[in-house]
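Please set out how the ligand is held in this model, with the cut-offs behind each term.

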Amino acid sequence: MTAKSHRNDGRLKIAIQKSGRLSEKSFALLEKAGISLQKSKDQLLCRARNFPLDIFLVRDDDIPAFLTNQVCQLGIIGQNTLLETQLLEAETYGGLSQVIELGFGRCRLSIAVPNDMPYDGLDSLAGRTIATSYRGLLAAFLAERGVEANIVTMEGAVEVAPRTHLADAICDLVSTGNTLISNGLAEQDIILQSQAVIIQNNDMQDDLRSLCETILVRINAVLRAERSRYIMLNSPVSVLDEIKAVLPGSQSPTVMPLQGNDDMVAVHAVCDEEVFWSTMEALKDRGASSILVVPIEKMLD
Ligand code: PRT
Ligand code: ZN
């Protein structure tokens, strides 16, 4: 069998991180989209039992190449990885696009300097050396702002560079900021806000494209259900319009009569956003009662 004929067996291929910060949530997302998987993380390949889909478990840095080489059609990586890859090798990776923001793996790419280094904006970095694993994003950021600095590329443990005198400052991913603090570094400038995204190779065979669409519709539905809430309450008929106006992100609530009570109605609505305590209190203040907010397991328009 040639490598090419091996590639399209009519099954969609998605590449996710084998082990790391994105893997568990990537797996969970596919499962929520109704994909039943045999979880053996030691393998490179994992077949879905109930959908023509195979999952490649690889290092996150390799995911763009799995797509451009047509081994996989979809992948889940951090925006930071996608953008960096595209900046470094525009020609190879220009055909990849981000199709869905997933809301997990949130972090930022930031410039940080030692606490005792005087810092008065980006100009303080002129002529200095900055260590990073994100040469492309850092160079583009500095060039746009006319700052000339030296960049030294490191694969990992970037936060130790100033202590070892390899660099004056660093540019690295930050989530809680604890790593910076424990290394005596202060975060100064944010270059990029990042989260996990689904990426797709725009160049795809038709049979796979329709499978791809099915899975993307499901994933969008999962994400929407996750951030939506179903709200139920009783409202006096007289204040119904006021109540409707307070319901967050809901288009057209269902209004039903309450048996034996002509002055009251039941209102049910899907809210496209979180329902806060303050919203429930505002509803109650306007006369609503028996307010229930419940999560939604699945929704499809
Ligand atoms: O083995 P493989 O190459 O697949 O994994 P990896 O080690 O390259 O990646 P991994 O698992 O560390 O990160 C995968 C992706 O998670 C990144 O590309 C980001 O999109 C995202 N992400 C989210 C993060 C963080 N948060 C994060 N905090 N990636 C790295 N970090 C680092 C940070 O730089 C610091 O060193 O984690 C450390 C702890 O951060 P603080 O700020 O919480 O202390
Ligand atoms: Zn990696």
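This is a predicted model: local features need pLDDT of at least 70, side-chain atom pairs count only at pLDDT 80 or more; totals for chains, interfaces and linings use all residues.

## Polar contacts of the ligand

An oxygen atom of ligand 1 lies 2.8 Å from a polar backbone atom of Gly-177, a polar contact being a pair of N or O atoms within 3.5 Å. The protein covers 78% of the 840 Å² of accessible area that ligand 1 has on its own, with areas taken from the Shrake-Rupley method with a 1.4 Å probe.

Residues are numbered from 1 along each chain as its sequence is written, chains are lettered from A and ligands numbered from 1 in the order in which they are written, and side-chain values use heavy atoms, with hydrogens and water left out.

## The surrounding shell

Of the 21 residues around ligand 1 (one heavy atom within 4 Å), Arg-21, Asn-80, Leu-173, Thr-176 and Thr-179 come nearest. The shell divides into four nonpolar, eleven polar and six charged residues, with Gly counted among the polar ones. Strand 9 (169-174), helix 4 (79-88) and helix 7 (178-182) each supply at least two shell residues, and strand 9 gives the most, with three.

## Position between domains

Ligand 1 lies between domain 1 (12-104 + 196-225) and domain 2 (107-194), because both give residues to its shell; the bounds come from an automatic or database domain assignment.

Definitions and conventions: A polar contact is a pair of N or O atoms within 3.5 Å; within protein, one must be able to donate a hydrogen and the other to accept it, and residues adjacent in sequence count only if both atoms are side-chain atoms. Helices (H or I, at least four residues) and strands (E, at least two) are DSSP runs, numbered from the N terminus.
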